[in-house]
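The sequence and structure come first.

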Amino acid sequence: MSNYETVFITTPVLSNEEYTRTVKKYADLVEKAGGKVVHREDWGSKQLAYPIQKKTTGFYTLLQFEVDPQFIRKFEVEFKRDENIMRFLTTRLDKYALAYAQQRRDKLSGKSKKAEV
């Protein structure tokens with residue numbers, strides 16, 4: 001098992017339900033392959049640096065997961081086939097990136113605890 005992180009941009013014309021279904025599809029793919037989704041963040045709608053498919057905004061999502069490296073090729077083929085996905089980038093996390101990701105998650109969970117108080 002190796003650790004990966006994928007950031008993908010979905011088209012802004014999706015409804016909330018379609019967006020949720022699209023993100024769940026990729027989390028389910030990881031779990032069906034025997035992997036584990038470690039963290040997921042929805043970054044919301046953001047302005048793109050340049051138009052993609054004549055769209056200037058997109059919904060950004062971060063997915064961090066552990067999975068067998070053989071699965072990544074199949075995972076990326078699914079992204080390429082999905083017309084709801086405008087762009088994606090998958091990177092393997094080394095020990096430094098893992099430490100940074102954990103720090104970031106801890107910081108985010110600390111923020112959410114402060115917001116709840």
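Among contacts between residues at least 6 apart in sequence, 74% join residues at least 24 apart, where contact means heavy atoms within 4.5 Å. The model is a predicted one, in which local features need pLDDT of at least 70 and side-chain atom pairs count only at pLDDT 80 or more, while totals for chains, interfaces and linings use all residues. Residues are numbered from 1 along each chain as its sequence is written, and side-chain values use heavy atoms, with hydrogens and water left out.

**Fold and dimensions**

- The protein has 3 helices and 4 strands; helices (H or I, at least four residues) and strands (E, at least two) are DSSP runs, numbered from the N terminus.
- Read from the N terminus, the order of elements is β-α-β-β-α-β-α.
- The radius of gyration is 15 Å, close to the 13 Å that the globule rule gives for 117 residues, so the protein is as compact as a globular protein of that length. The radius is taken over C-alpha atoms, and the rule is 2.2 Å times the number of residues to the power 0.38.
- The C-alpha trace spans about 40 × 35 × 25 Å along its principal axes.

**Surface and charge**

- Of the 117 residues, 34% count as buried (buried is under 20% relative accessible area, exposed over 50%, partly exposed in between, with a 1.4 Å probe and protein chains only).
- The protein exposes about 7800 Å², and carbon and sulfur atoms supply 50% of this area; accessible areas come from the Shrake-Rupley method with a 1.4 Å probe, and for residues only the protein chains shown count as cover.
- The 22 positive and 16 negative charges have mean positions 3 Å apart. Lys and Arg count as positive and Asp and Glu as negative, without His and the chain ends; each charge is placed at NZ of Lys, CZ of Arg, CG of Asp or CD of Glu.

**Nonpolar cores**

- The largest nonpolar core has 16 residues, and Tyr 26, Phe 65 and Phe 75 have the most contacts inside it. Such a core is a set of buried Ala, Val, Leu, Ile, Met, Phe, Trp, Tyr and Cys residues joined through side-chain atoms within 4.5 Å.
- At least two residues of this core come from each of β1 (2-10), α1 (16-32), β3 (55-67) and α2 (71-81); α1 gives the most, with 5 residues.
- Not counting residues up to four places away in sequence, Phe 75 touches Thr 6, Tyr 26, Leu 29, Val 30, Leu 63 and Phe 65.
- A second, separate core of 5 residues includes Ile 9, Ile 52, Tyr 60 and Met 86.

**Loop between β1 and α1**

- Thr 11 lies in this loop and is buried, with a relative accessible area of 5%.
- Neighbours within four places in sequence aside, Thr 11 is in contact with Lys 55, Phe 59, Asn 84 and Met 86.

**Loop between α1 and β2 (36-52)**

- Ala 33 is in this loop and is partly exposed, at 36% relative accessible area.
- Residues up to four places away in sequence not counted, Ala 33 touches Val 67 and Phe 71.
- The C-alpha atoms of Ala 33 and Val 67 are separated by 7.3 Å, although the two residues are 34 residues apart along the chain.

**Loop between β2 and β3**

- Gln 53 lies in this loop, has a positive phi near 50 degrees and is partly exposed, with a relative accessible area of 46%.
- Lys 54 is also found there; its phi is positive, near 65 degrees, and Lys 54 is exposed, with a relative accessible area of 84%.
- Most residues other than glycine have a negative phi.
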